[in-house]
Amino acid sequence: MSNFHITETKSHMRRIYLLALLLDLLALAANQLAARSSAFANAYSHYVYRVLSLGIGSVTGLLPFSVVELLLYATILFVLFDFVKQLRRAIRAAVARPLRRFLGHLFLILSTLLVLYVFLCGINYHRTSFSQEAGLSVTLDERGTVYDEADLIALCDYLVTEINATEAQLDVPFIGQTMETPKPSAAWLWLAGRTGQRAMEKLGQRYRRLSGHYPFPKPILNTWLLSVQQTTGVYSPFTVEANYNRNIAYYDIPFTICHELSHLRGYMQEEEANFIGVLATIGADDLYFNYSGYVSAWVYAGNALARIDSTAFATLYARINARTRQDMLYNNAYWKQFEGKPAEAHEQLNDAYLKIQGQATGVRSYGHVTDLMLEYFAKNGTLK
């Protein structure tokens, strides 16, 4: 009976490993098909992913904490515990079988992550872009964009005017943030999360592919994990969650929330998520979200202007009110303290990852939101 049980267990595990391998091959094949057929990628994203995202996100969104963050810690602890456990067994029995068992467990974990990543994220990189769906004709490539200086100055002038107008109406203690400003409270983060949900749902009334309910965006507990990578937020395809760094500058939190929530509708390209974040915050029924959108848009457009006309940039920057300039100075100071090898390594990895996913300009694609804003502004005369 004992030998039969051992044989049955081995056979059962082989079937599990075989099933995991087949799912891995299916995921890789689906990803390759999406890369070669936008029709397949669109059909999957619009119908299959949307249902999966709404379903899984509705469940994980019920919890006020980041599920993927806790799963990360649990997975690390399990892998370490299992390795020590199997190593001790191998040493005691003087056989290698326990270590092979550990490698089998590790294979199952990695297979699960691969399948979830492909079907809840990877395929979406090959769908039709939001800008195309919104009727914008911007084409981005690895050569970058040569901005029309007059148009860029007009956009930046508009943003400065709107920044000052919204700042003048706001009476909150954290505008003009310094290192002494208290960090966001749990109550404020909860309110920001709910407002972000409403902002995205409102934008979904204008753009059908963005419509529907959005789960609650989660501030992560260990902010160092993201800060050391110079990262404001991250979408988790394993739990369909929008996670963000609660220690970043106040003004950046609403924009980051909307940026990450946009990924839950299958828009994985970073310039697209930035653009959606701008539209959602500026169009929100909340003055501080509007402020966040205008300042975030200025950071991207202003940086583009500074590269081609430093004098025009300096003139416009000088017009920005003192409290907003302090907000941006605080943001720079916050990230400066995390500069170093880990941040450089993460940027290189992220650059490689984005290029593998078809974003030819890598991390520079984040700044292409300026191209989309210029096109939208030219058509509408506003970013609302």
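In which sense do strand 2 and strand 3 pair, and over how many bridges? Strand 2 (residues 233-236) pairs with strand 3 in the antiparallel sense, over four bridges. The model is a predicted one, in which local features need pLDDT of at least 70, side-chain atom pairs count only at pLDDT 80 or more, and totals for chains, interfaces and linings use all residues. Residues are numbered from 1 along each chain as its sequence is written, and side-chain values use heavy atoms, with hydrogens and water left out.

- Three strands form an open sheet in the order 1-3-2, with mixed pairing; strands are DSSP runs of E with at least two residues, helices are runs of H or I with at least four, and both are numbered from the N terminus.
- Strand 1 and strand 2 lie at the edges with a single partner strand each, so one side of each has no neighbour in the sheet.
- Strand 1 (residues 218-219) pairs with strand 3 in the parallel sense over two bridges, and pairing requires that DSSP finds at least two bridges between two strands.
- Opposite Y244 in strand 3 stands P219, while S236 stands opposite E241 in strand 3.
- Strand 2 and strand 3 make a hairpin with four residues between them, and V240 in the turn has a positive phi of about 50 degrees.
- Strand 3 (residues 241-244) is covered on both faces, with E241 and N243 buried on one side and A242 and Y244 buried on the other. Buried means under 20% relative accessible area, exposed means over 50%, and partly exposed lies in between (1.4 Å probe, protein chains only).

**The positive patch**

- K10, R14, K85, R89, R97, R100 and R101 form a positive surface patch. Patch residues have over 30% relative accessible area and no salt bridge, and like charges are joined within 9 Å. A salt bridge places a side-chain nitrogen of Lys or Arg within 4 Å of a carboxyl oxygen of Asp or Glu.
- At least two patch residues come from each of helix 1 (2-36), helix 3 (67-93) and helix 4 (97-120).
- Helix 4 contributes the most, with three residues.
- R101 is placed in helix 4, and R101 counts as partly exposed because its relative accessibility is 31%.

**A residue of helix 1**

- I16 is found in helix 1 and is partly exposed, with a relative accessible area of 28%.
- Between I16 and G104 there are 88 residues of separation in sequence and 10.0 Å in space, C-alpha to C-alpha.

Terms used:
Patches are made of residues with over 30% relative accessible area and no salt bridge: like charges are joined within 9 Å, nonpolar side chains (Val, Leu, Ile, Met, Phe, Trp, Tyr) within 5 Å. Accessible areas come from the Shrake-Rupley method with a 1.4 Å probe; for residues, only the protein chains shown count as cover. Lys and Arg count as positive and Asp and Glu as negative; His and the chain ends are not counted. The place of a charge is taken as NZ of Lys, CZ of Arg, CG of Asp or CD of Glu.
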